[in-house]
Amino acid sequence: MRALAVLLLVTAWVSAPAGAVAEPAAGVGALWVRPVDGPVTRPFDQLPDPYAAGHRGVDVAGPPGAPVLAAGDGVVVFAGMVAGRPVVSVDHAGGLRTTYEPVEPAVGAGQVVARGSPIGTLAAGHEGCPVAACLHWGLRRGEVYLDPLALLEPPEVRLLPMS
C-alpha cells in the first residue's frame with residue numbers, strides 16, 4: 001500500500017499540469033547561470049499589459065569589459081547594434097529568448113552557445129545605471145516578457161489533490 005502511495009505521488013509530480021510549475025520552465029536552476037556576477041541595480045517590472053511603460057528585464061552591475069555569459073544553451077539569433085547600443089539575443093529551448101545589452105559581441109548570428117560560455121564583454125553607458133556599467137538582461141517567451149531572475153530559481157512544484 002505504501003509503495004502504491006509513493007508511486008501515485010511520483011506520477012502526480014511528473015505529470016503535473018503546466019500551471020503547477022513556476023515560470024519560465026520546468027527544470028530551471030541547473031540549466032541556467034547568471035550572465036554577469038554582480039548585484040541587481042534595477043529589478044524587472046511586472047507590467048499590467050504588454051504596451052505599458054516599464055522595465056522589461058533586470059539590470060545587473062558589473063565592471064566594464066567583464067565577460068558576459070550565455071545564461072543557457074542556445075543559438076545566437078542577433079549580435080549587433082540596436083538604437084545605437086550593442087545587443088546579443090539568444091534563442092533557447094521552450095520558446096525562450098534572452099537578450100543582453102550593452103554587450104560588445106564575441107559571437108555571431110547562427111552560432112551555438114553553451115550555458116556559461118562568453119558571448120561578449122560588458123560595455124559602459126547603460127542609461128540609468130548607478131555604477132560604471134550595468135547589463136540589461138531580458139527574457140521573453142514569444143512576445144511575453146518574463147523576469148530573467150526566475151531562470152535562476154528552483155521550480156516551485158505543487159501537488160494537487162487527486163480528486
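Predicted model: local features only at pLDDT ≥ 70, side-chain atom pairs only at ≥ 80, totals over all residues.
Residues are numbered from 1 along each chain as its sequence is written, and side-chain values use heavy atoms, with hydrogens and water left out.

Let's begin with the fold. The chain has one helix and 11 strands (DSSP runs, H or I of at least four residues for helices and E of at least two for strands, numbered from the N terminus). Reading from the N terminus, the order is α-β-β-β-β-β-β-β-β-β-β-β. Of the contacts (heavy atoms within 4.5 Å) with a separation of 6 or more, 61% are between residues 24 or more positions apart. Buried residues (under 20% relative accessible area, with a 1.4 Å probe and protein chains only) make up 35% of the 163 residues.

Now for the pockets. A pocket here is an open set of points on a 1 Å grid over the protein atoms alone, where a 1.4 Å probe fits, with protein on both sides within 12 Å along at least five of seven lines; lining residues have an atom within 4 Å of a point. The largest pocket holds about 480 Å³ of space, and of its 19 lining residues, R85, V87, T99, E101 and H136 are the closest to its centre. Strands β4 (74-82), β5, β6 (96-101) and β10 (134-141) each put at least two residues into that lining, with β10 giving the largest share, four residues. By type, the lining splits into six nonpolar, six polar and seven charged residues.

The second largest pocket has about 230 Å³ of space. Its lining includes F44, D45, Q46 and L47, as well as E143, V144, Y145 and L146.

Finally, take a look at H92, which sits in strand β5 (residues 85-92). Is H92 buried or exposed? H92 counts as buried because its relative accessibility is 8%. A polar atom of the H92 side chain lies 2.7 Å from the backbone oxygen of D73, and the side chain also reaches the backbone oxygen of V90 at 3.5 Å. Beyond its neighbours within four places in sequence, H92 is in contact with W32, G72, D73, G74, R97, T98 and Y100.

How values were computed:
Buried < 20%, exposed > 50% of the residue type's maximum accessible area, 1.4 Å probe, protein only. Polar contact = N/O pair within 3.5 Å; in protein donor to acceptor, adjacent residues only side chain to side chain. Points joined across faces, edges and corners; volume = space filled by probe spheres on them. Nonpolar A, V, L, I, M, F, W, Y, C, P; charged D, E, K, R; others polar.
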